[in-house]
Amino acid sequence: MVKPEKFVENAIQEIRNIVGDSKAIIALSGGVDSSVCTVLGYKAIGKNLIPVFVDTGLMRLGEPERIKEIFEDMNLVFVSARDEFLSALKGVEDPEEKRKVIGELFVRIFERIAKEYGAKYLIQGTIYPDIIESQGGIKSHHNVGGFPIDYEFEGVVEPLRELYKDEVREVARYLGLPNEISERMPFPGPGLAVRIVGEVTPEKVEVVRKANAIVEEELKDYEKWQCFAALVGKATGVKGDNRVWGYIISVRAVGSRDGMTADPLSVDYNVLRRIALRITGEIPEVSRVVYDITPKPPATIEYE
Ligand code: XMP
């Protein structure tokens, strides 16, 4: 890659050349790619950029609030859609169906905003490895979160198409984005929903979100690809004088080069113990904590 300074200059020029005086929309997820594109887009076309963040209610603790803070001066359109997503997910147990429901609802919301604001161009944070993957025909270019957009754009701009992830992170640092964005762990599009095995309910989302915050905090000094909590079922436990039927939280922490294969981290036993004590102590609904020691393959990194 050219130096970040030169890359940024070129990207801004490219966006200006293509979008001109029209409006461009971008789906901001809070991940490093879409965040970098949002900053580049804003630098290029200012108020003609429409960054859309959809709060699905499936993000991690404090994340939507932080995204609002970081991007609110960049014309952010913050869509609160928690109830919509939760009701769409009611009764859905099948993992693929869950992803489909979330993806489609997301795209419909995004299309509505594009229409409302009269956006003529789409900016996408596609990076080089995405293009390589899509050559198999898996992903089409006019996609948001893997789902086709019906809305007709005059053009699509992909300023990061020649960069690898570590180069995007370098640009993010150069642009002054906070560490939590430039160094952010991968987080799946369907969010916490794929870290809840079976039906998603408001209670389960709340439980897994709290547990996840504890896992991230306790493992912050470990070198890793990802670490998180997943809610995998229910089990009997004893809390106080009572037998309870509580949730089982599985702790997942893996090292990986590209997410294609992964190995569980060898986490210090005392750290694991502390995680178990904190999760069961701080979250009354949880009765059991396990550590997932399965590599990928055969297990995937996420649970659904
Ligand atoms: P799996 O679970 O397939 O995940 O081993 C491999 C990597 O991909 C991430 N992942 C996703 N990322 N949208 C994304 O942007 C998704 O729907 C999605 N599903 C999984 C996962 O976090 C891991 O890093």
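Modeller: Before we start, contact here means heavy atoms within 4.5 Å of each other. And keep in mind that this is a predicted model.

Colleague: Got it! Which elements do the buried residues of H1 pack against?

Modeller: They pack against strand E1 (24–27), helix H2 (32–45), strand E4 (121–123), strand E7 (155–157) and helix H7 (165–174).

Colleague: And which residues of H1 are the buried ones?

Modeller: Pro 4, Phe 7, Val 8, Ala 11, Ile 12, Ile 15 and Val 19. They lie on the same side of H1, because they cover an arc of only 130° around the axis.

Colleague: How many residues does H1 have, and what does it reach from its first C-alpha to its last?

Modeller: H1 spans residues 4–19, so to speak 16 residues, and reaches 22 Å, close to the 22 Å expected at 1.5 Å a residue. Just after H1, Gly 20 takes a positive phi of about 60°.

Colleague: Switching to strands: which residues cover the faces of E1?

Modeller: Ala 24 and Ile 26 are on one side, Ile 25 and Ala 27 are on the other, and all are buried.

Colleague: What does E1 pair with?

Modeller: E1 runs parallel to E2, joined by four bridges, with Val 52 as the partner of Ala 27. The chain gets from E1 to E2 through H2, in a right-handed β-α-β crossover. E1 also pairs with E4 in the parallel sense over two bridges, where Ile 25 stands opposite Leu 122.

How values were computed. Residues numbered from 1 in each chain as written. Predicted model: local features only at pLDDT ≥ 70, side-chain atom pairs only at ≥ 80, totals over all residues. Heavy atoms only, no water. Expected span 1.5 Å × (residues − 1). Buried < 20%, exposed > 50% of the residue type's maximum accessible area, 1.4 Å probe, protein only. Arc of directions from axis to C-beta. Pairing = 2+ DSSP bridges. Right-handed = clockwise from strand over helix to strand, strands pointing away.
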